[in-house]
Structures are given as C-alpha cells and as structure tokens.
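Please keep the sequence and the structure in view while reading.

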Amino acid sequence: MSAEANTKSMSMIVTKGTLDWAYPPFILATTAAAMGVEVNMFFTFYGLGLLKKDLDLKVNTLGNPAMEMPMGGHHVAMPNLLAAMPGMTGITTSMMKDLMKKKGVASVEELRELAIEAEVNMVACQMTMDLFEYSLDDMIEGPQLGGAATFIEMATKSDINLYI
Amino acid sequence: MADQVLDAKGLNCPLPILKAKKALNAMPTGSTLEIQATDPGSVKDFEAFCRATGNEMVEQNNDGKVFNFVIRHTG
C-alpha cells in the first residue's frame, strides 16, 4: 500500500464476536483496503475472539426479536423461550451458515484471510487479553498488542472511525 | 473483448469487489477486466469502487440477471 499523503485511512473498534456481528468489521475492512484505504482494526472484549486461530462462531436469536429467518417465502422469528433451549445455538448457527453458503456470502474465515492479505493492521487489546486469559499463541499470526492510547493515536489520524 | 474475464456470478457483497481488485492488481496498467456478477448491489458498488480507486469504468450492461462491467486498470 502506498504511503502517499492523500491516502485515506479507517480505524475501527471491534467489540462483538458472534457469527452475525463478525461480518460488518471484516466486510468493511476488506472493501476499504480494496479501495486503497489504510485500515486499522482494534479488537477488544468479545471481538478479540475473532482473532483466534480456530473460529467457531455462533449465533442465537435469544434476546434479538429482530432476527427473522426466511423460510418457505415467510420470515420466522423464534420465541425467546425456544431459543433458550439446549442445542438451539447450534441449530441456529447451522441454519445461518447454510443460508450464507446458499446466498454466496463469504465465510468469516475467508474475509479474515483476505483482510490479512490486504495488510490490514490488526491490534489486540492487551487489557482484554489479560482479562480473559488469552495469549498470543491462541491467536492468528499478525496482530500486535496495544491499548486505548494505541487506538486513540490511530483514530486521530483516520478519516473514518467506526465502533462495531 | 476485455483482456481478462472474472466470473463473480453467485457471489455476494463484498466478494465481487475483492476478487476484481485482486485480478486488477495482477494486470498491467491499461489492460481491461470484464466482471460478470449476479449481485444487483454490484452496480452501485463497482461505480463507487472506480471513483475511489481511479480505475476507469469502460462499459457496463446487464440482461436483468447478469451484470457485466468492463474496467480499465488505470488506478
């Protein structure tokens, strides 16, 4: 990537680690990189899980009445009581993954790989690493460790700042 | 006829853009890439992509199902 003075840059804070919420940061990071934007991603709290070597992301409709799945021409929302039953996270996750495959949506793994390839700068939050007892050995290669000041410095130099 | 053709049919956002960018990177300046996509959102997205990257949209058309774009690598 060029280091021209007019290169645009984007920084984002990634705080969520469920299958659905893993998409916005990686879609925006890869697309911005493809459009010549320098990208920084700061992974904190549950977002940190998106850096793990083995991604086993899950989704559940529990507490999210807005989540409806297309089914036979209709849209079906799951009652919370049902979503809370044992095994529902696995079922909902499989349904979501099948749907994404059918619709030609990239997997999170694929998008993450493309982000790394595009030299997106990734920072893992040191405090959250300590808090949840992760080590860099649990994570993919590439991310550096940093804290709030690291992000703020990146953010002050960025044209776009997002909190996801 | 474009110098290279990218079949992005069946792929959803943002894959057509990412694959087009990858293909353009490997092509010499001035050459043309034809992208075939089925994602209707790719129309606005490829226009934005070209404006942001300085690549030239030479041609675009669709038959209602497949959206074709010819982009010259100038960015």
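In chain A, helix H1 and helix H4 (residues 108–117) pack at an angle of about 35°, and their axes are 9 Å apart. Axes here are lines fitted to C-alpha atoms, for helices over the stretch in contact, and angles run from 0 to 180 degrees between N-to-C directions. Helices (H or I, at least four residues) and strands (E, at least two) are DSSP runs, numbered from the N terminus. This is a predicted model, in which local features need pLDDT of at least 70 and side-chain atom pairs count only at pLDDT 80 or more, while totals for chains, interfaces and linings use all residues. Residues are numbered from 1 along each chain as its sequence is written, and chains are lettered from A and ligands numbered from 1 in the order in which they are written.

**The helix pair H1 and H4 of chain A**

- The crossing of H1(A) and H4(A) is left-handed, a term used if the near helix is turned anticlockwise from the far one by less than a right angle, with clockwise giving right-handed.
- From H1(A), the residues A:Tyr23, A:Phe26, A:Ile27, A:Ala29, A:Thr30 and A:Ala33 meet A:Val108, A:Leu111, A:Arg112, A:Leu114 and A:Ala115 of H4(A), where two residues are in contact if their C-beta atoms, placed from the backbone, lie within 7 Å.
- The residues of this contact divide into nine nonpolar, one polar and one charged, with Ala, Val, Leu, Ile, Met, Phe, Trp, Tyr, Cys and Pro counted as nonpolar, Asp, Glu, Lys and Arg as charged, and the others, Gly among them, as polar.

**The sheet of chain A**

- Chain A has six helices and seven strands, and five strands form an open sheet with parallel pairing in the order S6-S5-S2-S1-S7, where two strands pair if DSSP finds at least two bridges between them.
- Strands S6 (144–146) and S7 (160–163) of chain A stand at the edges with a single partner strand each, so one side of each has no neighbour in the sheet.
- From one strand to the next, the twist averages 25°.
- Strand S1 (residues 9–14) of chain A pairs with S2(A) in the parallel sense over six bridges, and A:Phe42 in S2(A) is the bridge partner of A:Ile13.
- Helix H1 (residues 23–34) of chain A packs on the sheet, touching S1 and S2 of chain A, and its direction makes about 160° with that of S2(A).
- Helix H6 (residues 148–156) of chain A also packs on the sheet, touching S1, S2, S5 (121–125), S6 and S7 of chain A, with its direction at about 150° to that of S1(A).

**One residue within strand S2**

- A:Met41 lies in strand S2 (residues 38–43) of chain A, and A:Met41 is buried, with 27 other C-beta atoms within 10 Å.
- A residue is called buried if 20 or more other C-beta atoms lie within 10 Å of its own, exposed if 12 or fewer, and partly exposed in between, with C-beta atoms placed from the backbone.
- Not counting residues up to four places away in sequence, A:Met41 touches A:Met12, A:Val14, A:Pro25, A:Ala29, A:Val120 and A:Met122.

**Where chain A and chain B touch**

- Eleven residues of chain B are in contact with eleven residues of chain A.
- H1(B) gives the most to the side of chain B that touches chain A, with four residues.
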